[in-house]
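Please keep the sequence and the structure in view while reading.

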Amino acid sequence: MEALPRATANLVAAAIRATGAGQASSLPGKVANALFPRYLSDHARRLDDGLVMVTGTNGKTTTANMAAGVLLGAGRDLVHNAEGANLLSGIATAFARHPRARFALLEVDEAIMPLAVQRLRSPGVVVLTNLFRDQLDRYGEVDRLAEGWLRALRPLEGTTLVANADDPLVTHVAEESGLPTVYFGVEVEGGGAGNEVSDVAVCPRCATMLTYTARWLSQLGDYRCPQCDFARPPRDLSAVLVPADGPGATARVSGSFGACEVRLRVPGVHNVYNALGALGLSIEVGVDPPSALRTLAAYQPVFGRWSMVRRGDTTVRVNLAKNPAGMNQTLRALGDVPGAKALVFVLNDNIADGRDISWIWDVDFEELLPTADWVVTTGTRRHEMALRLSYAGVPDERLDTAAGVGAALGLLAQRRAHSVFLLPTYTALKEVRATLAGWEAVAQ
Amino acid sequence: MTITAVHLYPTTMNTYGDRGNVAALTRRAALRDIEVAWHHVELGETPPRAPDLVFMGGGQDRVQHAVADDLQRLKPWLQETADDGALVFAVCAGLQLLGHRYVAADGGELRGLGLLDMETLAAGRGEWRLIGNIVIEVPAPGGPHLLAGFENHGGRTHLGAVEPLGRVLSGFGNNGVDGFEGARAGTILATYLHGPVLPKNAWFTDHLLGLAAAHADLDSPLAPLPHAREDAAQAEAIGVAERDARARRRRGGRLRALLPGARRVPATAAPPRSPTP
């Protein structure tokens, strides 16, 4: 009987591929889950070598892909939903594609995580990346997500958390869960979050305003509650950013294994967090730290996570940016890229993007938007985005709206912009991928 | 020329792009050479005396109790400010706190300021949050004007002897039933509209600025400003809200029985009790 659900999912996947309708990263699993309610649990039971999860608002896909690279490099065979299809349907599709795997590394949507734990099995390791405001109309407040996580984690046995110590809400969840926890964190000298919106202003325990000695990204930083004894915990894995030339991020990473300098090919403090989460996960499942760090340094981004393509003398870099924390961090990384540049913002308000686009007003464009020769907005809410950027000081003569991604790139080609940065929301990524299909991928 | 403004609880009540409202007021004043001097008042802090404008946004449930407690301390000050004719503008949770009370699902009560005669009941069993794009029609001098925004609230607000801000054209409004949105009494205005509401609804920003400027005794009327980008963003938002409303109507027949509290506003929703200038 076990073969039937798998065959069904495979058949659906093949049918979708044959009709050319996208990459079929979700639909086969959706069909399998609908027809065979125990599809996920049956697969999960057969994972003799275990199941690990990555969840949180930002960095799930990159953290999980980094960890997958490390584990594959260490010779592990694994099932992994690499394309960011992180709902139960995407997870089931991954199982259908790789039915004999004995180990699973799953990226799990932060709202689905409790359900995923229930439907699959107790995970050996869960990486908690962060909790930022994102799609408030769909996910609700970050406090609600944290409560859901806690309800899911408390009853677990044999689970280790790999948790972001710099996020007060993640730390609170880890502490309250009672589970053994490996904390990771980053030191950013001087902080730098400025007056950026924080999603966790008050102590998760006693609701007193948190105080920070430094805050570098939304609520991430060195925090303490002045009222109770809640504070940033000591880090088992720690990274200090090191200024360096080149497009990536360099950090001095330390842990019980010692310390060494790692040069990532992907930029920004957010990718240092991703690497630390992946490192923590890898160490927990038995990979030795030096070899994990070597693989992490060579990590190449997947499409849409700071990936680069080229045609002629024009390069386009694409980075998904769908909430204030992610966009702020993207803008910081953009600012570090030297040379003239053009920016394309693709703002959609479909269900998977979040219908509520007010988050763009919480982005610190005023302080972080780099100087750009041209700025073009497109997507279903391009006029709202243009208004937002106009508020941030982009002059009218450099600010355009375009009907689609292709039209935006055409406009920039006319203006001889050779270095383009495309920042789409989630559903816009599909249009971007289709538009750039004929372009040559560039390794970084 | 200066407008003295207070932003209540900017760090804790800042959900859903509320800082865009502050930016809109500041910018449209600055373009007319008027400075808006913002005073940020956090929990426990003392506000300046006799401001021309007070703004309060929305926040997460966790902070709502702390804010409601702190507001009792500020109640005499806010009452005096409103009685003096200054503008008080509140969004979402801010709206709820201006009413008499918020009754939680378990019957517990959060005391409000009672500046506006209204109260809010938490979503009952089987009632959904009222979430989505919304357009309302607001009576204004020279004919009704539109406001486009986004609403996301579980609480159902019911008005007493107070005018609604406007009438719902598409979306849910105060409670999803009576067709009213927001509330106003004199220079106290409140709405559920996020979006944020002010940047793309430039006429409304100017209306609010006019009230604050009058209190600040700035004698010259506000000069007109270009608003093409604002209008394009507003038209885009109205288009999205109308498409959503049509989609809801298509699904409505089947869903209405399941969603007693989230009914589509009937086309015959009662108009505001009297036009408010």
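**Basis of the description**

Angles are taken between N-to-C directions and run from 0 to 180 degrees, each axis being a line fitted to C-alpha atoms, for helices over the stretch in contact. The model described here is predicted.

**The open sheet of chain B**

Six strands of chain B form an open sheet with mixed pairing, in the order β2-β1-β3-β4-β14-β13. Its edges are β2 (35–41) and β13 (183–185) of chain B, each of which pairs on one side only. On average, neighbouring strands of this sheet are turned by 15 degrees against each other, direction ignored.

Within the sheet, β3 (residues 53–56) and β4 (residues 87–91) of chain B pair in the parallel sense, over four bridges. L53(B) has L87(B), in β4(B), as its bridge partner.

**Helices on the sheet**

Helix α1(B) packs on the sheet and touches β1 (2–8), β2, β3 and β4 of chain B. The direction of α1(B) makes about 155 degrees with that of β2(B).

Helix α2(B) lies across β3, β4 and β14 (188–191) of chain B, and runs at about 120 degrees to β4(B).

**The contact between chains A and B**

Chain B contributes 32 residues to the contact and chain A contributes 23 residues. On the side of chain B that touches chain A, at least two residues each come from α1 (19–30), α2 (61–83), β8 (130–138), β9 (145–153), α4 (197–200) and α6 (228–255) of chain B. The largest share of that side, seven residues, is supplied by α6(B).

By residue type, the side of chain B that touches chain A comprises 13 nonpolar, 11 polar and eight charged residues.

Key: Residues numbered from 1 in each chain as written. Chains lettered and ligands numbered in written order. Predicted model: local features only at pLDDT ≥ 70, side-chain atom pairs only at ≥ 80, totals over all residues. Contact = placed C-beta atoms within 7 Å. Nonpolar A, V, L, I, M, F, W, Y, C, P; charged D, E, K, R; others polar. Pairing = 2+ DSSP bridges.
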